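Thank you all for coming.

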Amino acid sequence: MSSVCAVSHQQSSTTEPRLYQRRQPQRTPTYQVVQHHLESWLARQREACPDDDPVPQYVERDLR
């Protein structure tokens with residue numbers, strides 16, 4: 001098993017270093033759904049539970 005590790009280590013050390021590629025979350029379907037429907041979802045949650053706090057502040061903050 002150690003020979004497999006040594007081989008993979010040798011292979012990775014001879015390749016070019018990888019450059020950082022910035023992620024683009026705004027292009028993902030999940031991001032787009034949240035962006036388009038967050039306000040209406042929050043409003044519905046608040047209407048359903050007017051005396052409660054149905055969405056914790058940290059959740060709303062993270063989704064925004």
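The protein exposes about 6,300 Å², of which carbon and sulfur atoms supply 54%; accessible areas here come from the Shrake-Rupley method with a 1.4 Å probe, and for residues only the protein chains shown count as cover. Please keep in mind that this is a predicted model, in which local features need pLDDT of at least 70 and side-chain atom pairs count only at pLDDT 80 or more, while totals for chains, interfaces and linings use all residues. Residues are numbered from 1 along each chain as its sequence is written, and side-chain values use heavy atoms, with hydrogens and water left out.

Of the 64 residues in the protein, 6% are buried, where buried means under 20% relative accessible area, exposed means over 50%, and partly exposed lies in between, with a 1.4 Å probe and protein chains only.

As to secondary structure, the protein has three helices and zero strands, so defined that helices are DSSP runs of H or I with at least four residues and strands are runs of E with at least two, numbered from the N terminus. Helix α2 covers residues 29-48, and its 20 residues should span 28 Å at 1.5 Å a residue, which agrees with the 27 Å between its end C-alpha atoms; the expected span is 1.5 Å times one less than the number of residues.

Let me now turn to one residue in particular. Glu-60 is found in helix α3, residues 57-63, and Glu-60 is buried, at a relative accessible area of 9%. Leaving aside neighbours within four places in sequence, Glu-60 is in contact with Leu-42, Arg-46 and Val-55, contact meaning heavy atoms within 4.5 Å.

How many salt bridges are there? The count comes to four, taking a salt bridge as a side-chain nitrogen of Lys or Arg within 4 Å of a carboxyl oxygen of Asp or Glu. One of them pairs Arg-46 with Glu-60, with the closest N and O atoms 2.4 Å apart. Since Arg-46 lies in helix α2 and Glu-60 in helix α3, the pair ties together parts that are 14 residues apart in sequence. Arg-46 itself is partly exposed, with a relative accessible area of 38%.

Glu-60 also meets Arg-64 in a salt bridge, at 2.9 Å from N to O, and Arg-64 is exposed, at 56%. A further salt bridge joins the side chains of Arg-61 and Asp-62 at 3.8 Å, N to O; Arg-61 counts as exposed at 57% relative accessibility, and Asp-62 is exposed with a relative accessible area of 57%. Finally, salt bridges that share partners join Glu-39, Arg-46, Glu-60 and Arg-64 into one network.
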